[in-house]
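The following note sets out numbered points for a colleague who is examining the coordinates. Each point takes up one topic and may be checked against the structure.

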Amino acid sequence: MKYHIHCRVTIFLLVIMVLLPFTGTASAQSALDNVRKSTVKIAWGISENHDAWREFVRRPDGTFNPMDLMMHMGTGFMVGDDPGGEFRYCITNWHVVNLDWLRTVQAELGIAPTDPLYLEPEDITIYIYRSRDDFVEARVRYELFASDIAVLEIAPFERSLYGYEALEFGHSGMVGVGDDICVVGFPGAAEGIADLTAAYLTDLTVTKGIISRIVTVEGVLNYNMDAVISGGNSGGPVVNKDGVIIGVATRMAGQLSWDGGAIIPANINQAVAIDAVTELLRSRNIPFVEAAAAVADPVPDLEPEPEPEPEPEMIVLAQMDPPRFSSDGILSWSGISDASGYEVTLFHEGQAVSRETVGPGSTRLDFKDSMQDMGPGTYSATVKPLGGGLFQDGPTSSASNPFEQKGGISPLLIGGGAAAVLLIVVLIIAFMMMGKKRQVATAPSGAAGTPAPPRPSLSPAQQASITSAAPASPVTRAKQESPGAGAPVTKAKQTQPRAVLKGVSGYFAGKTIELVEGQLVIGRDPRMAQLVYPQANEEISRKHCTVRFDERSQKFAIEDSSSNGTFLSSNEKLEPGKTYFLNSGERFYLADPKEVFEVKME
């Protein structure tokens, strides 16, 4: 049994190292000193609490070393603008730190979730690894999926790193076919778990080559090069002859093939242009050094090139006015333009107890049920506007007015007075109905009836708001004809059924969302979704699925756009991009069977 486990794990590690796209040996040059000093190794650390892996790496003498749970995954390089100052950010490939990729690899290898060695993303910690005694925890701060770029930030509880060089970042205008380049990194085709080498300056590998072609792949600028890259080089810097970074080693173009059980790579290696990185750093206000543009020889009779347009500065959203609690526990606030959503924090006796993110069209939240569940006391709330694009998050508002949640009513009082209250309500309703009938019967011919009071007009944002209350019952009102139309006539006016989405279980359990206009997008990104999950619900995609009511067929249409799937109640997984139709009363769930919704006509 242990032999089979070792075989599966060996294949698992081999696939991880090979599929993290690919470096031979070469000597370093003096022009690369700064780049080499600021190039780091990226590693994954398996949790010491994973019993199966802990036993798997236990040494023959019975001892256990936590360092044996480290895996070399790729290369990165530090970014900053002060050689003597602190460094908190690191550039690497997205696929090097994409923990969701674990599930795909294990599924392809036939490692089921029931296998003792199965790994979940939460079992892995990302490290900037210097040696077996020196590694710093980091987290993914920003990512560019299409460009395969990720920006790591040192975890808040860790100290910043020092002693690195402020590397110079170039641009695609400095690159031409035939240019000499070097790839710097930690090739790890021969490394694996328990064999992780150090990550000092002397452990780096520098490989020379040239730019053979400049291509655009799925809208992203890439460089083909003949400098060989292998597993472990992913995320490392690609520099020109002056030591200026012009790209990030990312993958091998073409397909991998098999020959007698060996993996044969394609003969083209690629790097993504550094332009994608510099644009991201500018937009997030992360400091870095831009290389001085080369001065070309003067050319006669040519107009000088115009000065480049200055980069737009990020605009910080204004602080909002304090929100207000109504007497029935509903928090409301005045929205501001350019906000992509709002982060609402609820406090109980001065302590934060919940935090919710809502879309830009939401200006109220009903906390009545939440405060009843948490018990009596003083509650308050704050609202923070969220940025996007050229806008940064605004400061958090001041606290709202206090809301006093009283204690519940005594069960004895409820039981003793329920019958009396019900009897009084029935008598009042009967008396009012008799009065209305008597008024209609005695009204003179041609008298104008009293018109029914107008129903309040709701904006689309209000109509799509989430409520916990059940829909109101249909109301019938007496309506008379205009004067001169003969004897008064009473007509029954009933409300039309409404299409709603109900949360059955999970985060939105007990919530009801009315589908009034257009479509309702469910996800984690408030810039893309109207029904927004907290960022901590990582199994929910940024844009998970879309729900709408089709008037023509009188059915509910649902379309999946997630990475973890949307499923019908029969456990059938929806095909992404394909529209499925559900009848009233049918259910579906998002990624996890606990996140269940029901579509219904009420």
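1. Helix H5, which spans residues 101-108, has Trp-101, Leu-102, Val-105 and Gln-106 as its buried residues. Their directions around the axis cover an arc of only 130 degrees, so they are placed on the same side of H5. Ala-107 and Glu-108, by contrast, are exposed and lie on the other side of H5. After H5 comes Gly-110, with a positive phi near 75 degrees. It should be kept in mind throughout that this is a predicted model.

2. The side chains of Arg-103 and Glu-120 form a salt bridge, with an N to O distance of 3.4 Å. This pair links distant parts of the chain, as Arg-103 belongs to helix H5 and Glu-120 to the loop between H5 and strand S4 (124-131), 17 residues apart. Arg-103 is partly exposed, at 32% relative accessibility. Glu-120 is likewise classed as partly exposed, at 25%.

3. How many salt bridges does the count come to? The total is 19 salt bridges. Among them is the pair of Lys-502 and Glu-602, whose side chains meet at 3.0 Å, N to O. Here too distant parts of the chain are linked: Lys-502 is in strand S27 (residues 499-505), whereas Glu-602 is in the segment after strand S36 (596-601), 100 residues apart. Glu-602 has a relative accessible area of 25% and is therefore partly exposed.

4. A further salt bridge joins the side chains of Glu-598 and Lys-600, at 4.0 Å from N to O. Since the criterion is a separation within 4 Å, a colleague may wish to look at this pair directly. Glu-598 counts as buried, at 11% relative accessibility, while Lys-600 counts as partly exposed, at 29%.

5. The aromatic residues deserve a separate point. A search of the whole structure returns 17 aromatic pairs. In one of them, Tyr-129 and Phe-135, the ring centres are 6.3 Å apart and the planes stand at 15 degrees, so the pair is stacked. The cut-offs behind this reading are ring centres within 6.5 Å and planes under 30 degrees apart. Are the two residues of this pair buried or exposed? Tyr-129 is buried, at 0% relative accessibility, whereas Phe-135 is partly exposed, with a relative accessible area of 27%.

6. What is the arrangement of the rings of Phe-567 and Tyr-589? Their centres lie 5.1 Å apart and their planes are at 10 degrees, so this pair is stacked. Phe-567 lies in strand S33 (residues 566-568) and Tyr-589 in strand S35 (residues 587-590), so the contact ties together parts that are 22 residues apart in sequence. Phe-567 is buried, with a relative accessible area of 14%. Tyr-589 also counts as buried, at 9% relative accessibility. Elsewhere, one aromatic cluster is formed by Tyr-507, Phe-508, Tyr-533, Phe-588 and Phe-597.

7. Glu-343 stands opposite Lys-384 in S23.

8. The last point concerns the cysteines. How many disulfides does the count give? The count comes to zero disulfides. Cys-90 is buried, with a relative accessible area of 0%. Cys-545 is buried too, and its relative accessible area is given as 0%.

Definitions and conventions: Residues are numbered from 1 along each chain as its sequence is written. This is a predicted model: local features need pLDDT of at least 70, side-chain atom pairs count only at pLDDT 80 or more; totals for chains, interfaces and linings use all residues. Side-chain values use heavy atoms; hydrogens and water are left out. Rings of Phe, Tyr and Trp (its six-membered ring) pair if their centres lie within 6.5 Å; planes under 30 degrees apart count as stacked, over 60 as edge-to-face and the rest as tilted. Buried means under 20% relative accessible area, exposed over 50%, partly exposed in between (1.4 Å probe, protein chains only). Helices (H or I, at least four residues) and strands (E, at least two) are DSSP runs, numbered from the N terminus. Two strands pair if DSSP finds at least two bridges between them. The arc is that of the directions from the helix axis to the C-beta atoms. A disulfide is a pair of cysteine sulfur atoms within 2.5 Å.
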